[in-house]
Amino acid sequence: MINRKQNDEKKDIVSTLFKAFKSFGTSSPIILGVILVLGLFRTFVSKQMLSALFTGEFLRDTVISALIGSISAGNPVNSYIIGGELVKENVSLIAITSFLVAWVTVGIIQFPAEATILGRRFACVRNILGYILAILVSIATVKTLVIIQ
Amino acid sequence: MIQNGDRKDRVKKRNGAKYNGIYFLGAVVFIYFLLFFPHPEKIKNSLKISADALIQILPSLLFIILFMGIMNYFVSPGAVSKYVGKGSGIKGWFLAIFTGILSHGPVYAWYPILRDLRNQGMKSGLIAAFLYNRAIKIPLLPLMVYYFGTRFVLIFTCYIVVASIVQGWIIQMIEK
């Protein structure tokens, strides 16, 4: 009796793991597609190309930097490095901050995966809000920093 | 009867997601094929970068699959509903923020697990808060401090948490 119960539990664990694997399997083509797009992005878009888009004009830079951050993807370390370089080139800190925030909170490259798995409406609203909030967070962060200093 | 209908809807959605994924992957492969002729070296490099990225994230993917299986076995929809569902209240927000900060690996690897949690009753607003808080990377904070200073990082981190709540709340309002 106990052995049968143990077998049932064992079977359940195995079947839930199998279900998880199957559930993940349905998302694997889109995840693979996103990884391949990332490969293209990193080869065809260099750090220099991204840095060259900043002009020094505060408002334009802030809006564009959030857009560049949204399109960019990959390890956030890269965003810190690019941001660090932009600080040296006297690009406004608000623009750099919106770039850093958008890099991790908005995902244009991951959008197909997010929309397919979590729903198009959710992905659209989340990314649009993420873009607006990236600009607001950057302004709030730098203004607070200035007040404290 | 209603449960059967829900299950059918979920299966339909999952199959739709599967085919959308295949179409997307097919489109990306086609772009690689088109770009191969004018830029063979760059395409080889892109493939190498993608393969390296895939190898790098494999442990995270395996961890997430295992985590999904264990979670489905031990955590009931009732528990999901209690901790991150409609009646979860402030503890749901804390949980989403805290787990979002602690989560590792690429964001797209977390989508399937979040979909499963939502199917079990997790609020969309908390999913958004979880995803937003992934902007705070504890292992990378020293590097951020090096480039931007301690004060900047502290203020930045606080505003990220606030923004995650704002975003989650707005999404929650829209979903209602």
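User: Before we look around, what makes a residue count as buried?

Analyst: Happy to start there, and do keep in mind that this is a predicted model. The test counts the other C-beta atoms within 10 Å of a residue's own. To be called buried, a residue needs a count of 20 or more.

User: How many of the residues of H6(B) are buried?

Analyst: This helix is mostly covered. Its buried residues run through Ser124(B), Gly125(B), Leu126(B), Ile127(B), Ala128(B), Ala129(B), Phe130(B), Leu131(B), Tyr132(B) and Asn133(B). They pack against H5 and H7 of chain A, together with H3, H4, H5 and H8 of chain B.

User: Which helix gives the most to the side of chain B that touches chain A?

Analyst: The contact draws on 54 residues from chain B and 55 from chain A. On the chain B side, the elements giving two or more residues are H1, H2, H5, H6, H7 and H8. By class, that side has 37 nonpolar, nine polar and eight charged residues. With 13 residues, the one that gives the most is H2(B).

User: Are H6(A) and H7(A) parallel, perpendicular or oblique to each other?

Analyst: In this pair, Phe111(A), Glu114(A), Ala115(A) and Leu118(A) of H6(A) meet Arg120(A), Phe122(A), Ala123(A) and Asn127(A) of H7(A). The two helices pack at an angle of about 135°, with their axes 6 Å apart. Because of that angle, H6(A) is to H7(A) oblique.

User: Which classes of residue make up the contact of H6(A) with H7(A)?

Analyst: Phe111(A) and Arg120(A) are among the residues that meet here. Sorted by class, the contact has five nonpolar, one polar and two charged residues.

Methods: Residues numbered from 1 in each chain as written. Chains lettered and ligands numbered in written order. Predicted model: local features only at pLDDT ≥ 70, side-chain atom pairs only at ≥ 80, totals over all residues. Contact = placed C-beta atoms within 7 Å. Helix = DSSP H or I, 4+ residues; strand = E, 2+ residues; numbered from the N terminus. Nonpolar A, V, L, I, M, F, W, Y, C, P; charged D, E, K, R; others polar. Axes fitted to C-alpha atoms, helices over the stretch in contact; angles between N-to-C directions. Parallel < 35°, antiparallel > 145°, perpendicular 65-115°, else oblique. Buried ≥ 20, exposed ≤ 12 C-beta atoms within 10 Å, placed from the backbone.
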